Structure formats: structure tokens, C-alpha cells
Amino acid sequence: MTALPRTRRPVKAGSVARAAGILLVVGAFLAPLLWMAAASLKSNLEIIDPDRMFAFTPTFDNYRNVFETQAFGPFIVNSFLVGAGATLVALVIGVPAAYGIARYRIRNATAFVLLARVIPGVSLLIPWYFLFSQIQLVGTYTVLVLTHVFVTMPLVVAIMTGFFEGIPEELEEAARVDGTSRVGAFARVVLPLSVPGVATATILSFIFSWNNFLFALVLSDQDTRTLPVAIANFTSYASVDWGGLMAASVVITIPVMVIALVAQRYVVSGLTAGATKG
Amino acid sequence: MFSTRRAVLALPAPIAAASVLGACSGESDPNALTIVTFASPWTEGLKDLVEDYEAAEGVRVRIETYGNEQLNATYRTRLNARSTDFDLMVFQTQDVLRDYSRNLWLADLTERVESDAAWDWEDFQAQARDAVSLDGRVFGVPVMTERHIMYYRSDLLDAAGLDVPQTFTELREAVAALHDPANGVHGIALRGARVPLVTQFSSFLYGFGGDFQDGDGNAAVDTPEAIEAYRFYGDLLHDFGPPGATNMGWVEASAIFAQGGAAFYLDADSQAYTFLDETASAVVDTVAYARFPAGPAGSHPYNIVPAAVGVNAFSEKQDQAWAFLKWATGAENCIRLLAEETAPSARQSSWDDPAAAAAYPAGLVEIIRDVDGDYVGHDRPRLEQVARAREYVGGPAVTAIEGGDVEAAAKDANEDFQTLLDDES
Amino acid sequence: MTYRRTFTDRVDANLKWILTAPAVAFVALLIAFPIGYTLFLSVTDSRGAVTRPYEFIGFGNYAHWLADTERFWPAVGRTAYFTGLALLLELVLGLAIALLLRRTFRGQGLVRVFILLPLVATPVAVGMMWLLVFEPSIGFANTALEALGLPAQGWLADKDTALNTLVFIDVWQWTPMVVLILLAGLGTLPEEPDEAARVDGANAWQRFRHITLPLLAPVITAAAMLRVIDAFKTFDIIYATKGRGGGSNYEAETLNILAYGEAFEYSQYGRASALLMLFFVLIVVVLAALAILRKKGDRS
């Protein structure tokens with residue numbers, strides 16, 4: 001085709017611009033975190049000295065502190081258990097709800113479920129503490145999972161409703177014409193198409209649970225304490241261990257990165273699957 | 001089958017699993033106590049004490065540590081629900097003593113502290129005992145004390161041939177002389193944020209002969225002495241302070257001094273360790289301490305109790321809790337904590353012990369031993385709603401730092417403060 | 001075989017309720033007590049401890065706030081400004097970045113994970129990091145500015161720039177969430193309409209405006225609603241960088257910070273509860289407005 005050489009140049013410029021744009025975006029989001037990661041390898045003095053931004057001797061003392069002195073291991077496990085539990089429950093309850101809302105157009109249900117996110121945490125603290133201490137659930141994983149589901153499930157519902165609304169009903173109609181039940185149509189047609197949505201909702205749900213601080217502060221005890229609460233260990237009465245704080249933050253970020261990487265595969269594979277269908 | 005049914009059946013499983021994993025808090029176990037505290041040198045020492053206590057008495061004490069701000073949120077939430085989850089509680093005396101005791105959250109310890117002569121309640125410094133008492137009743141045992149001192153750069157002072165300032169006037173002269181922003185050194189670093197500055201401003205206020213309240217307990221921040229104090233404090237920061245002073249609490253201000261960015265820094269002596277830590281300070285070899293300078297009315301820095309330990313009034317193990325507390329705050333253990341963790345004990349005997357005080361930074365010990373009538377036992381307004389009062393009385397200082405009309409601000413602050421006081425009586 | 005069919009039919013018939021009931025019930029159960037309790041406290045003068053004696057004062061607390069031009073109304077203004085600006089920037093940037101990352105390219109999984117990181121880092125730690133970075137004397141931001149020959153700024157410390165700096169931090173932290181949601185949404189869009197338009201000769205902008213955007217509308221609305229609610233309630237970064245009351249001149253005091261202070265620092269539970277109810281009503285009104293806008297959009 002004679003047109004090929006001519007169309008090539010604009011495409012090349014476009015993809016160079018795109019690549020540059022992507023690098024810029026990634027850089028903008030990553031730069032402060034790289035600063036944090038660098039800070040985690042510095043001593044406290046070097047962190048507060050702008051001249052030592054790039055010129056410093058790396059040390060692993062902060063990480064040693066995080067794992068040995070502060071014993072972060074159990075906190076990571078706790079956060080993980082609670083996050084996994086909360087995400088699972090949120091999906092199990094939320095995805096079907098979102099589907100129902102999308103297909104039957106019960107907008108009010110979305111509004112009601114979102115109410116859970118609207119209430120400021122401050123209103124919930126004392127009544128919930130009172131309630132859960134009456135039934136002796138304070139300090140258990142159960143109460144943490146329950147309160148985190150309260151936060152993550154509306155997220156799942158909101159996102160998945162948006163997704164399900166975007167999937168044309170004709171696809172399901174076509175399946176039902178073949179004799180499958182409504183539920184079957186959901187499982188065989190809609191669910192595979194919404195894998196990217198579910199994966200996204202999973203990642204975000206896990207992240208919100210991971211970062212939740214207020215509920216864990218009051219409802220966990222020393223054994224079930226999660227990471228965000230533990231991070232305050234680095235701010236003591238008369239000094240701030242900046243290095244420890246930054247190292248702890250890096251440590252906190254890594255498990256989620258791994259989960260996100262895994263979940264992203266489903267997002268990407270779902271995209272390619274979606275592209276070949278319909 | 002199809003996913004919905006499986007999903008519905010799967011629902012109870014995670015919750016059941018979670019309950020099985022649910023941690024047992026062991027509240028009802030008589031041989032287990034829980035103490036809630038915030039990170040501090042005393043808490044570090046507590047960890048060792050707890051081990052020894054378990055070995056000796058067979059009672060296990062769990063330590064729950066929180067950050068400063070988180071501690072109050074935790075107490076408020078749990079105690080409002082009458083929690084029995086913990087037995088001993090470390091609290092920030094000046095901020096919450098009235099509040100918590102009126103809420104009936106702290107057990108009355110008066111009889112307990114006075115009943116054992118060997119334990120010696122009188123050994124605790126007078127101001128410390130006052131700090132934990134209200135209307136003659138005792139609500140906690142003080143475990144740390146803190147004084148307002150002056151940190152300065154001995155190298156800069158020597159290079160300029162200046163003497164250590166001993167009065168406010170000399171301080172301002174020295175600060176002005178050493179103010180060299182072009183070379184990254186500001187004359188002085190101080191807290192400038194509205195609420196945090198109140199406690200450090202207090203010593204200046206006393207030095208000018210003022211106080212937050214007068215003898216009858218009425219608001220007194222619009223007196224000529226108070227206005228002078230506000231102006232002095234504000235001008236120091238306005239003229240010779242680092243940029244962004246009104247956003248600085250001790251975290252930022254101490255960081256500036258630690259980094260070598262200021263010639264003077266006046267704040268609590270508990271921060272000395274940061275400056276002596278090689279991994280956290282550029283002034284390890286050049287930091288020096290001096291007594292808080294004297295104003296027209298003399299030198300009257302604060303000597304306060306930042307932390308005291310009380311017994312949770314809802315606890316079901318108050319006797320055991322007191323037994324541990326008594327042991328942990330006995331003369332011997334206080335000396336031990338002072339020597340090993342540099343936890344500034346509230347007992348006079350700890351400071352008189354030469355070996356114990358040896359571990360404390362040289363130069364600081366003399367200042368601390370010098371506890372006589374010149375120190376003031378409070379560094380903030382004394383009423384139940386301390387937090388709000390601090391906002392009011394900190395306002396004129398912020399105005400002064402920003403170069404505004406201090407007199408008008410002080411009048412407004414006094415009105416608001418007085419309304420608050422009237423509200424409480 | 002017959003039994004199975006009957007069950008399936010019954011499930012099908014009641015599907016609407018079976019699907020949504022657990023979610024709605026869960027929220028209702030957990031929300032009922034707190035809302036009722038907050039409502040109750042809001043008409044009392046409860047302070048200090050909820051166990052202390054209190055009196056019913058009707059709408060006294062509400063009147064106090066609605067007449068408070070020193071703290072309440074400015075806080076409302078700041079909350080509206082912060083939320084509006086942050087939301088706008090996050091949606092626009094989020095959409096732009098999502099479009100940028102849309103087409104498959106090498107390393108896209110990794111890029112998406114990198115972009116996620118601002119969301120993942122604990123807000124408390126992030127707040128303290130920005131505190132250091134924006135510190136006027138020893139922070140990296142001013143060092144970088146000076147290296148570029150630009151004047152140093154007050155950033156978080158300056159009462160005129162503090163709120164905008166906080167918007168910046170919020171945008172940095174939350175745009176990734178919008179990007180993520182929109183990316184997944186873009187991925188599930190059917191391709192025919194776009195192809196058909198391209199064949200008809202529409203250019204990229206026209207295709208975007210008339211095809212992509214309308215199809216993406218439900219997902220954009222979902223992201224917008226989530227962000228509006230969270231932005232209204234922003235707490236961690238403000239508290240970590242400005243402390244109590246949103247700074248020495250209350251320059252960053254939003255409604256949530258005000259409410260937290262009232263409850264946990266002043267322990268005025270009655271007042272705080274009234275404020276929280278007002279806050280709640282405000283968010284609901286905004287959400288309702290969004291929902292109405294969306295309905296109008298649906299019709300057109």
C-alpha cells in the first residue's frame with residue numbers, strides 16, 4: 001500500500017508523545033514516593049537536610065527497626081487478613097446487589113448503600129464501640145472485617161453498578177432466548193465481561209481496608225492491630241522517627257503492590273477478552 | 001451449580017472463620033493487666049519493668065501504645081462506653097485531668113497514695129503532686145516531669161563573643177546578633193502554631209509577671225504584662241524566626257534547630273535527646289543548655305507533669321492495678337528508669353541520686369535539681385475545656401507573629417476566655 | 001429435575017430482592033444505631049462524657065452552628081471549595097490519563113500498579129511526608145524552586161496557599177483511583193460505535209465527545225459520586241499537615257476537622273452531633289443534585 005509510508009510518520013510522533021506523556025504521568029505520581037523510599041534509607045538527620053537529598057549513605061537501620069524493634073510482622077498479617085476478609089465479603093454482597101440495581105434500576109438502593117460512606121467516621125466511633133463491646137467483639141478480626149465491609153461494600157456497589165449499566169441487556173436477552181435462566185445468563189455472559197470491573201473493585205476495596213485507620217484505632221487490640229495504627233509508633237512523645245516512618249510506609253506499600261499486580265492481570269486479560277467479544 | 005447459590009452459601013464461612021480467629025482479650029483473667037500509654041522514655045522503661053514484675057509476681061501486664069493524638073481519641077471512645085478492656089491509663093495531666101476526673105473515668109487514689117509511708121508520696125516533687133490532684137483528691141501518679149529550658153549553639157555564641165543570655169533583653173540581643181538567614185541560620189526557632197505555642201509562651205508570660213488567669217481564676221490575658229509578653233514572643237519570631245513559623249509545632253521547630261537552622265530554641269527539656277542523637281541531629285557537639293532567661297518579673301519557667309498514670313474507674317481489677325502501679329513508681333524503679341531510660345522522674349530522690357542522674361545530659365541535671373519556688377506548675381490555662389482555651393489564648397501570639405494589632409487581639413481573646421470560664425462555673 | 005426448575009423460577013422471580021437485600025440490610029443494621037444516637041445527642045447539651053447528666057435543648061445546637069459566622073460558615077465554604085476544586089481536577093486529569101493509558105502497550109500492567117501507589121501509601125505517613133517536603137526552610141519543594149530560580153513559597157505554612165496546597169496533595173493521591181475506574185470502564189466499552197464513527201469520518205475529538213463520553217457516563221458518575229463523598233470527608237492529610245483546627249488561622253478547617261475537634265478535643269458531644277447531622281444533610285443534598293444531573297443527562 002502506497003499510503004503506508006505517509007501514515008507511518010504521524011503514528012510514530014503520536015506514540016512518542018504518548019510514551020512521553022505516560023512517563024510524565026508515572027513520574028508525577030511516583031516522585032514523592034521515591035522520595036519516601038530514599039528517605040527510608042537515610043538517617044533522620046539526612047532526611048531533614050535538603051542538601052542531602054541525593055548525597056547520602058544508604059542504611060537499612062530503619063527497616064531493621066521496623067521489623068525487629070517495632071515487630072511489624074504481625075501487623076502486616078493482621079492487615080492482610082482483615083483486608084482479604086473485608087474485600088471478599090464486600091464482593092459477595094456487593095456484586096449481586098450492583099447487578100440488581102443496574103438491571104432493575106433501583107437507584108434508591110445505590111443511594112442508600114452509599115449512605116454508608118457518607119456518614120463521617122466520627123459519628124460511628126462511639127456508638128459502634130459501645131455496640132461491639134456489648135457483644136464482646138472488640139479486639140476480634142470479626143469486628144474489623146465487619147466495619148471495613150461497611151466502608152468497602154458501597155465502593156464495590158458504586159463501581160459495579162456503573163459497569164453493569166454499561167453492559168447492554170441484549171447480550172443477556174440473547175442468552176435467555178436459548179433457554180438459560182436469568183441467573184445463568186448473568187453467570188455466563190455478564191460476569192466474564194465485567195471481570196475488569198470486579199478486579200478494579202477488588203483492588204480498590206482492598207486498598208481502602210488496608211488504609212483504614214479510624215475503626216482499627218478503636219476496635220482493635222494489641223493482637224489484632226493493623227498497620228495504619230501501628231505507624232503511629234514512630235511518632236513518640238518528644239521526637240519523630242522520620243526514617244522509621246518512611247521505612248514503615250514502604251513496608252506497608254509492598255504487599256498491596258503485589259496484590260495489585262496480580263489483580264491487574266485480570267483487568268488486562270478482561271480487556272482483551274472484551275475486545276474480541278461483541 | 002450457578003454462582004449465586006454458591007456465593008450465598010459461602011457467606012457465613014469467612015465470618016465464622018474470623019470468629020474462630022478472634023483474639024481472646026483475657027479481660028477476666030486476674031493475673032493479667034492492661035496499661036494504655038503513649039510512646040515516651042517512661043514507656044520504654046515500662047517494658048523492662050513489666051518483665052520483672054511478671055517474673056516476681058506472676059502477673060502479666062500488657063502494654064498498649066498509641067501516638068499522642070490517638071491516645072485521647074481512644075480514651076474518649078472507650079471510656080464513654082465504660083470500657084473494662086484496660087486497667088491502667090497514662091494520661092496527659094494538664095489537658096485532661098479535670099475532664100476525666102469529672103467524667104468519673106479516673107479512680108480516686110487519695111487513700112491509696114497516702115496509706116503507704118514506705119512508698120513515700122511526699123518524695124514526689126510538690127508541683128508534681130499538685131499536678132495530679134484536684135480539690136485535695138489524687139487521680140494519678142506522676143511519672144515524668146518536664147521543664148522549659150533554653151537550647152543554644154555554643155559554637156555560634158563563642159564565635160560572636162557573646163555571653164549566655166540570662167534576661168529577655170539579652171536574649172533578644174543575642175538572637176539579633178546571630179540571625180544570619182543568608183547563611184541558613186535564623187536567630188531563633190520557637191513554636192508558632194496557635195495551639196502548640198501556648199505552653200511555650202507560658203514561661204515568657206510568667207517572666208513578664210503575667211499569667212493566664214489571675215488569683216480569682218478569671219481570665220487575665222489582656223493585662224499589660226500579658227500584652228507585653230505576646231509582643232515579645234511574637235516579635236522574636238517575626239523578626240528573627242524561620243519562615244512559616246505559624247505552622248510550627250515542636251516537630252517542625254525542633255527539626256530546624258537539629259538541622260542547624262537556628263541559634264536558639266526554647267522548649268521542653270524532653271527534646272534534648274533528639275539533639276544528642278547522632279543519627280538525628282547536626283548539632284550533637286554544639287548544643288548547650290541554659291536556664292530559661294529572666295524577664296522583668298524574674299525567671300519563672302514551667303515545671304510540669306506531662307504524663308501521669310491513673311487507674312481506670314471501670315476496671316474490675318483495681319487492687320491488682322494499684323499493686324503494679326505502686327511497684328512501678330517506687331523509689332527504686334524511678335531511679336532505675338532515670339538511669340537506664342533517662343525518664344525524667346517526678347521523685348526528688350531520683351534526682352538526688354548521683355549515679356542515676358549521671359546518665360542525663362550534663363548541664364541539664366543542674367538546671368533540674370534547681371527546683372525551688374521559681375518554677376511554675378502549669379503551662380496552660382487551668383480549666384476543664386483546656387483545648388478551647390488554648391485556641392483563644394494562643395490567638396494574640398499568632399497576631400503578634402504576623403505583625404498585627406496585639407492589643408485588640410488580646411482583648412478579644414480575654415473576652416472569649418472569660419466566657420468559657422463563666423460557662424464552666 | 002422438576003424441583004430444580006421450580007427453585008430456579010422462584011429465584012428468578014424474586015431476584016430483585018435477593019440480590020440487593022444483603023447489601024441494604026447490612027448497611028441498615030450498622031447505620032441505624034449510630035444515626036439514631038447522633039440524632040439524639042444533637043438535641044442535648046451532652047459534654048465531657050456521655051454518662052454525665054445532660055438536658056434536652058431542642059434545636060439549640062443547630063441554631064448555634066447556623067448562626068456561627070466565625071467557624072461554621074467559613075468551614076462550609078472551605079469544604080465546598082476544596083471538594084469542588086479537587087473533584088474537578090481529579091475527573092479531568094483522571095479522564096485524560098485514562099485515555100492516555102487506554103491502548104495496550106508494553107508494561108501497561110506495571111504502569112497501572114505504579115499509578116496506584118499514591119492511593120496505597122498510608123494517609124498518615126503521606127501527610128507527614130508532604131509536611132517535610134513543603135517545609136519552607138528545610139523542605140525539598142523550596143529547594144527545587146530555588147534551583148529553578150523561582151521564589152520560595154509558604155505552601156502549607158502560609159495561610160493563603162495552605163488550602164490550595166492541600167488540594168494539590170489530594171489530587172496527587174486520588175486521581176489514580178479515578179484513572180483506575182475509568183480505565184476499566186473504557187476497556188469494557190463496545191468498539192462498534194467508535195469504529196462506525198471513524199468510518200464516517202469523525203475525528204478523534206468528535207468521537208470522544210459524542211461516542212466515548214456518553215457511553216462512559218455511568219462509570220464517570222460512579223467515580224464522581226465516590227470522590228465527592230470522600231473529598232467532603234477528607235481528614236487525614238489535613239490533620240497530619242495542619243493539626244488541630246486546620247491551622248493557626250483556621251485556614252484549612254473543613255467541616256470534618258471542625259466536627260472532630262468539637263467531639264474529640266472539646267468533647268462537646270451535643271454540638272458535635274448537631275454539626276455532623278448538618279454535614280450529613282449537606283452531602284446528601286450534593287449527592288441528590290448529582291443524581292438529578294445524571295437523570296437529565298440520561299434523558300438527553
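**Figure 1. The largest pocket holds about 1,400 Å³ of space.** Welcome to this predicted model, in which local features need pLDDT of at least 70, side-chain atom pairs count only at pLDDT 80 or more, and totals for chains, interfaces and linings use all residues. Residues are numbered from 1 along each chain as its sequence is written, chains are lettered from A and ligands numbered from 1 in the order in which they are written, and side-chain values use heavy atoms, with hydrogens and water left out. A pocket here is an open set of points on a 1 Å grid over the protein atoms alone, where a 1.4 Å probe fits, with protein on both sides within 12 Å along at least five of seven lines; lining residues have an atom within 4 Å of a point. Grid points are joined across faces, edges and corners, and a volume is the space filled by probe spheres set on the points.

**Figure 2. The lining of the largest pocket includes residues from chain A and chain B.** Of its 45 lining residues, Asn65(A), Thr69(A), Gln70(A), Asn233(A) and Glu44(B) lie nearest the centre. Helices (H or I, at least four residues) and strands (E, at least two) are DSSP runs, numbered from the N terminus. Helix 3 of chain B gives the largest share of this lining, six residues. By class, the lining has 14 nonpolar, 19 polar and 12 charged residues; Ala, Val, Leu, Ile, Met, Phe, Trp, Tyr, Cys and Pro count as nonpolar, Asp, Glu, Lys and Arg as charged, and the others, Gly among them, as polar.

**Figure 3. Chain A and chain C bury about 8,100 Å² between them.** Carbon and sulfur atoms account for 81% of that area, where buried area is the accessible area (1.4 Å probe) that two parts lose on being put together, summed over both. Arg18(A), Phe29(A) and Val118(A) supply 9% of what chain A buries against chain C, more than any other three residues. The contact (heavy atoms within 4.5 Å) takes 87 residues from chain A and 92 residues from chain C.

**Figure 4. Arg117(A) and Asp230(C) join their side chains in a salt bridge.** The N to O distance is 2.7 Å, and the count between chain A and chain C is one salt bridge. The term stands for a side-chain nitrogen of Lys or Arg within 4 Å of a carboxyl oxygen of Asp or Glu. Nine residue pairs across this interface are in polar contact, both residues at pLDDT 80 or more. Such a contact is a pair of N or O atoms within 3.5 Å; within protein, one must be able to donate a hydrogen and the other to accept it, and residues adjacent in sequence count only if both atoms are side-chain atoms. Among the elements giving two or more residues to the chain A side are helix 1 (3–40), helix 5 (107–118) and helix 13 (242–276). Helix 13 of chain A has the largest share of that side, 15 residues. The residues on this side divide into 71 nonpolar, 11 polar and five charged.

**Figure 5. Asp221(A) and Arg62(B) form a salt bridge.** Their closest N and O atoms are 4.0 Å apart, and chain B and chain A have a count of two salt bridges. Eight residue pairs between these chains are in polar contact, both at pLDDT 80 or more. On the chain B side, helix 4 gives the most, with eight residues. That side divides into 22 nonpolar, 20 polar and seven charged residues. In total, 49 residues of chain B are in contact with 41 residues of chain A, and the buried area is about 3,600 Å², with 65% from carbon and sulfur atoms.

**Figure 6. The second largest cavity has a volume of about 720 Å³.** A cavity is a set of points where the probe fits but cannot get out. Among the 29 lining residues, the closest to the centre are Asn212(A), Asp230(C), Lys233(C), Phe235(C) and Asp236(C). The lining has 17 nonpolar, six polar and six charged residues. The structure holds 14 cavities of 30 Å³ or more.

**Figure 7. Asp123(B) and Arg347(B) meet in a salt bridge within chain B.** The distance is 2.9 Å, N to O. These residues are 224 apart: Asp123(B) lies in the loop between helix 6 (110–115) and helix 7 (126–131), and Arg347(B) in the loop between helix 15 (331–341) and helix 16 (348–352).
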